[in-house]
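Have the sequence and the 3D view handy, and we'll go question by question.

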Amino acid sequence: MRRGLLAAGLAPVLPLLLAGCGLKPASAFLPHIEPGSIRPVPDLKDATIRVTSKEFTEQIILGKIAVLALTAAGANAVDHTNVQGSVTARKSITSGDNDLAWEYTGTGWITYLGQENPIPDPQKQFEAVRDLDMKRNHVAWLAPPAPLNNTYAMAVTTANQKRFGLTDLSDMAKVPTGQRTYCVDPEFFARNDGLRGMLQAYGLSYGSSVPAGNVRQMSSGVVYSATSSGKCTFGEVFTTDGRIQALHLHVLGDSKHFFPNYNPAITVRETVLRAHPELTGLFAKISPRLTTGVMRNLNSKVDVNGDDPVLVARDWMREQGLIK
């Protein structure tokens with residue numbers, strides 16, 4: 001899922017959290033590091049590997065993690081992170097302008113490979129996108145994918161969670177019709193795998209059990225603040241967004257697996273992987289550690305605290321003992 005750096009409309013809600021700590025743009029600055037559990041790999045010594053990422057917070061952090069990991073392993077990691085748009089970043093891989101990037105299984109399957117039906121099981125989804133992308137585009141997906149899932153979700157306040165007993169999307173029906181209100185952005189309102197499809201999957205219907213007047217469309221950033229302030233009972237969020245924890249929101253489960261899986265994995269050009277098969281083992285040390293909770297916390301350090309993405313990446317890797 002695509003997320004931006006502090007979407008417009010957040011400032012009125014988090015003035016104390018954001019005061020005096022403006023966000024810093026991602027750059028090619030690389031702090032000094034030493035190898036930790038990631039040791040120099042002889043076959044990667046001085047190998048030039050170009051790393052790219054999209055421009056939103058999570059992608060920049062992941063991109064910096066890749067750059068730092070490659071550097072610790074002895075490679076010459078070229079930092080091309082912070083590219084505008086999924087299509088641009090992806091094209092730089094398939095055209096050979098870049099070599100490696102974190103990509104999401106749902107994005108690969110639906111956006112790049114043109115498949116309409118996501119696969120509910122995360123591992124099967126990964127295997128399907130891995131096999132088809134290699135066959136069509138000679139792009140390898142390295143196993144294992146990270147367990148974090150940056151997908152759509154509905155969030156509620158602690159008060160509403162307790163008041164209505166909300167833990168899963170199936171609990172939406174517990175809320176009286178008049179209070180069954182939703183704050184969503186226009187894209188989520190319009191897309192097939194958005195509001196209407198979600199309601200239908202959980203036995204509700206837009207226009208009847210969810211009256212049209214109960215749905216309020218607004219920019220994505222405003223959704224978080226509106227939900228937190230009680231303007232809507234349910235707010236559309238992305239599961240790894242740092243504002244969830246900053247605003248003390250609770251994400252509802254998706255027991256019917258309606259929303260696609262967006263698990264990130266390292267994607268790398270086939271020719272590069274053939275030349276450097278050690279990349280699989282290198283990133284296998286990192287991916288399993290990247291859970292939804294971990295990523296939400298890392299995103300919060302940038303989007304809420306205003307920290308530099310590369311320093312956030314470095315500090316987390318140090319905490320994990322991956323580097324020093």
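The structure holds 2 cavities of 30 Å³ or more. A cavity here is a set of points on a 1 Å grid over the protein atoms alone where a 1.4 Å probe fits but cannot get out. This is a predicted model, where local features need pLDDT of at least 70, side-chain atom pairs count only at pLDDT 80 or more, and totals for chains, interfaces and linings use all residues. Residues are numbered from 1 along each chain as its sequence is written, and side-chain values use heavy atoms, with hydrogens and water left out.

Q: How much space lies in the largest cavity?
A: A volume is the space filled by probe spheres set on the grid points, which are joined across faces, edges and corners. For the largest cavity, that comes to about 80 Å³.

Q: Which residues that line the largest cavity are the closest to its centre?
A: Lining residues have an atom within 4 Å of a point. There are 13 of them here, and the closest to the centre are Arg 90, Ile 93, Ala 101, Glu 103 and Thr 267.

Q: Which cysteine does the disulfide join to Cys 183?
A: A disulfide is a pair of cysteine sulfur atoms within 2.5 Å, and the structure holds 1. With S to S at 1.9 Å, the partner of Cys 183 is Cys 232.

Q: Is Cys 183 buried or exposed?
A: Buried means under 20% relative accessible area, exposed over 50%, and partly exposed in between (1.4 Å probe, protein chains only). Cys 183 has a relative accessible area of 0%, so this cysteine is buried.

Note on methods
1 Å grid on protein atoms, 1.4 Å probe; cavity = no way out; pocket = protein on both sides within 12 Å on 5 of 7 lines; lining within 4 Å.
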